[in-house]
Amino acid sequence: MKCVLLIFLPFYLFGEWHVEYERGDQTACGFTENGLTRSRPYVFAKTTSEHFEASARLWYDFTHSHKDLEIRSLFYKKSAEQWSLKVGFQEIAWGETFGLYIADLVNPRDYTDPFFNDLGWIRLATFTLNAQYFKDAFSAQLVVTPIPRNNWLPTTHSPFNVLSEEVEGAKVRGPSKFKIDRCGRDVEYGLRVGYLFESGVDITAFYFRHWNRNPAYRLRLDSHARVFKPVLRRIQTVGASFSKAWEKIVWRGDAVWHMREPWTVHRLGVIKRRGVFRTILGADYTSDEGRTLGFQFHVDAWREAILCAVSFKYVQDFGGKKQYHAEFFAYHGLNDWDLWLQPQLGWDFADSWNLSLRCDILGGKIGKGLPQDGFIGPYREKSRIFAWLRHHF
Amino acid sequence: MKFISLLFIAIGCFVQVLFASDPISVMDILKNADAIRNPGESYFLDVEVRNSETSEVSAFHVAIQGNDKTRIETLLPKRDRGRTMLMLGENMWLFIPNLKREVRVSLNQKLTGQAANGDISRMRWTGDYLPTLESQTPTEWQLLLTATKKGLTYDKVRVWIEKATFRPLRAEYLTAAGKVLKLATYQGYGSMAGAERPLEIVIQDAVKPSDRSVIHIKNMQVKTFPASIFNKSSLGSTEL
């Protein structure tokens with residue numbers, strides 16, 4: 001990391017730079033026995049110039065006595081009439097749907113808190129070459145990540161470690177890091193092409209060869225202790241996204257096909273590789289007053305099972321000065337008992353200050369580890385309230 | 001004597017007919033009024049919007065190319081910095097910096113306060129609206145503009161244009177049924193981009209006049225933009 005900073009440092013000395021800051025605090029408290037699960041003050045700084053961007057976030061979590069300096073972006077950018085290029089640490093977003101971002105594959109995620117779904121926090125920046133070409137309604141994008149990163153996953157003492165509850169006393173390890181000296185051999189790469197038709201239908205198709213993004217574990221004996229170790233396999237994904245605006249309604253959809261994705265198919269950590277098809281189709285309506293109402297239908301399918309779910313989103317600004325923002329997100333499995341309700345209230349109480357309160361109400365059941373048991377069931381005791389204070393300066 | 005009287009009457013009628021019929025077409029009036037507000041086919045705007053209700057100041061950088069390509073980057077308020085709207089014809093995307101992703105949105109997405117996207121992004125009436133002359137006074141034309149395409153912010157616009165200068169003076173923004181939604185006043189004429197232009201547009205709610213936004217044009221430059229600026233995939237990687 002220091003080497004990368006040194007490479008970029010000379011460029012920092014030239015050009016006109018714009019700097020912005022954000023500071024804040026995130027506090028989360030479980031409804032039941034979990035107590036305080038997050039108490040995280042942070043400072044974020046971002047500086048941009050014509051050809052460079054650098055941003056980092058420094059945070060300290062009192063609940064785990066853990067601190068981190070995250071590089072959120074550090075890249076060189078150049079654009080011309082019909083192309084743009086970005087090289088360095090960056091986030092790349094794919095997909096059209098909300099809530100669960102199934103097509104957003106390029107960056108790994110921080111799943112240490114699996115119900116904190118703010119992409120600006122959970123997407124982990126990777127050192128990537130990102131080249132884009134534009135020609136009228138056509139666009140193409142090539143992404144190459146020579147040294148990938150892995151997801152951050154809950155470990156033994158994490159409040160969201162549910163594996164140790166499944167197998168009593170088992171420890172949970174985090175994923176290993178990709179090594180710099182293997183540069184190129186662990187490469188992730190992909191291509192995305194898109195076209196905006198005259199009818200307004202916008203379609204993109206993509207291919208990405210990457211390490212599995214879903215958390216999968218294998219249970220092993222390690223020095224007479226039972227240990228869950230994350231499983232990493234290189235897989236291929238093809239997918240497509242579409243959107244179409246029709247007056248006040250926007251139709252959108254994402255579909256991905258993960259080939260030979262590793263899955264934990266039993267609570268004792270038996271791994272199976274299977275093709276998994278995931279799709280989300282939905283629409284949202286925005287009224288003249290600015291209220292947005294969205295509905296989505298989710299399908300996850302593989303050879304043994306098809307799981308369906310629905311999700312719903314409502315967004316409204318209110319108050320005399322429109323300084324309050326209400327949001328409600330709900331996800332419910334139709335074949336299983338998965339339930340996730342997320343009411344949220346935001347308040348812009350000054351020009352640069354914002355306070356938001358949200359709840360994550362989780363429901364589901366624990367069965368025999370079958371797909372029909374759902375994914376949220378193990379977390380059903382983790383419902384919590386989440387407060388976030390932000391100041392931009 | 002009788003002959004001379006008839007001759008004067010005939011000349012009088014001729015002069016009256018000659019000056020009563022306007023030599024300029026309604027479309028030309030609209031084009032001239034557009035030329036007052038738009039310095040060229042492709043240009044850059046530095047805009048500040050003040051809302052009476054929130055007393056909040058918003059600032060935007062705007063790139064406009066023709067009638068169907070606009071990009072609006074938010075500078076203020078600070079919490080919204082980096083939010084970028086891209087309008088390509090009837091299609092619109094919103095780039096949200098926190099998500100690092102462009103989200104397809106419907107055209108009625110509001111910019112800030114009483115100012116709709118269309119108030120900044122579609123400064124040219126010609127091409128979007130068909131004008132008819134409703135009435136006129138010795139100093140002003142009153143035109144009714146009817147939308148010729150779907151997805152415009154307003155279905156109809158009634159606009160008053162000064163005859164001597166082609167300056168738009170004020171306007172009413174109407175629904176298709178003719179109900180007045182908002183009132184606009186074009187004021188603060190000053191020199192910018194080589195001509196006298198309205199540097200302030202006051203937009204107020206027709207029902208609640210105290211609810212108003214003032215669009216202040218701080219800078220205007222004729223400028224050509226690379227095609228990549230107007231591609232939704234480039235919203236996170238290019239800047240104005």
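Predicted model: local features only at pLDDT ≥ 70, side-chain atom pairs only at ≥ 80, totals over all residues.
The size of an interface is often given as the accessible area lost when the parts come together. In the present model, chain A and chain B bury about 3,500 Å² between them, and 42% of this area lies on carbon and sulfur atoms. The contact draws on 48 residues from chain A and 35 residues from chain B. Polar contact is found across the interface of the two chains for 16 residue pairs, both members of each pair having a pLDDT of 80 or more. On the side of chain A that touches chain B, the largest share, three residues, is contributed by strand β13 of chain A, which spans residues 234-246.

Three salt bridges are found across the interface of chain A and chain B. In a salt bridge between Asp348(A) and Arg79(B), the side chains meet with an N to O distance of 3.2 Å. Arg81(B) and Glu20(A) likewise meet through their side chains in a salt bridge, with an N to O distance of 3.5 Å. Because Arg81(B) is placed in the loop between β3 and β4 (84-88) of chain B, while Glu20(A) belongs to strand β1 (residues 18-30) of chain A, this pair joins two chains. Arg81(B) has a relative accessibility of 27% and therefore counts as partly exposed.

Ser106(B) also touches residues of chain A. This serine is found in the loop that runs between β6 (101-105) and β7 (110-112) of chain B, and with a relative accessible area of 1% it is buried. When residues up to four places away in sequence are not counted, Ser106(B) touches Glu247(A), Lys248(A), Val250(A) and Thr286(A), together with Met92(B) from its own chain.

Over all chains, the count of salt bridges comes to 28. Within chain A, Arg384(A) forms a salt bridge with Asp113(A), in which the closest N and O atoms are 2.9 Å apart. Arg384(A) lies in strand β21 (residues 384-392) of chain A and Asp113(A) in the loop between β5 (83-90) and α2 (119-122) of chain A, so the pair ties together parts that are 271 residues apart in sequence. Both partners are classed by their accessibility: Arg384(A), at 1% relative accessibility, counts as buried, and Asp113(A), at 6%, counts as buried as well. Elsewhere in chain A, a network of salt bridges links Glu70(A), Arg72(A), Glu91(A), Asp104(A), Arg109(A) and Arg123(A).

Chain A also contains an open sheet made of three strands, arranged in the order β8-β12-β11 with mixed pairing. Strands β8 (171-172) and β11 (217-222) of chain A stand at the edges, and because each has a single partner strand, one side of each is left without a neighbour in the sheet. Strand β11(A) runs antiparallel to strand β12 (residues 225-230) of chain A, and the two are joined by six bridges. In this part of the sheet, Tyr217(A) is positioned opposite Pro230(A), a residue of β12(A).

Chain B contains three helices and 15 strands. Of its 240 residues, 51% count as buried. Among the contacts in chain B that link residues at least 6 apart in sequence, 44% join residues that are at least 24 apart.

Strand β3 of chain B, covering residues 69-76, includes Thr70(B). This threonine has a relative accessibility of 3% and so counts as buried. Leaving aside residues up to four places away in sequence, Thr70(B) touches Val62(B), Ala63(B), Ile64(B), Met85(B), Leu86(B), Met87(B), Ser121(B) and Phe230(B). A salt bridge within chain B is made by the side chains of Arg71(B) and Glu73(B), which meet at an N to O distance of 2.8 Å. Arg71(B) is buried, its relative accessible area being 0%, and Glu73(B), with a relative accessibility of 10%, also counts as buried.

Note on methods:
Residues numbered from 1 in each chain as written. Chains lettered and ligands numbered in written order. Heavy atoms only, no water. Contact = heavy atoms within 4.5 Å. Buried area = accessible area lost by both parts, 1.4 Å probe. Salt bridge = Lys/Arg side-chain N within 4 Å of Asp/Glu carboxyl O. Polar contact = N/O pair within 3.5 Å; in protein donor to acceptor, adjacent residues only side chain to side chain. Helix = DSSP H or I, 4+ residues; strand = E, 2+ residues; numbered from the N terminus. Pairing = 2+ DSSP bridges. Buried < 20%, exposed > 50% of the residue type's maximum accessible area, 1.4 Å probe, protein only.
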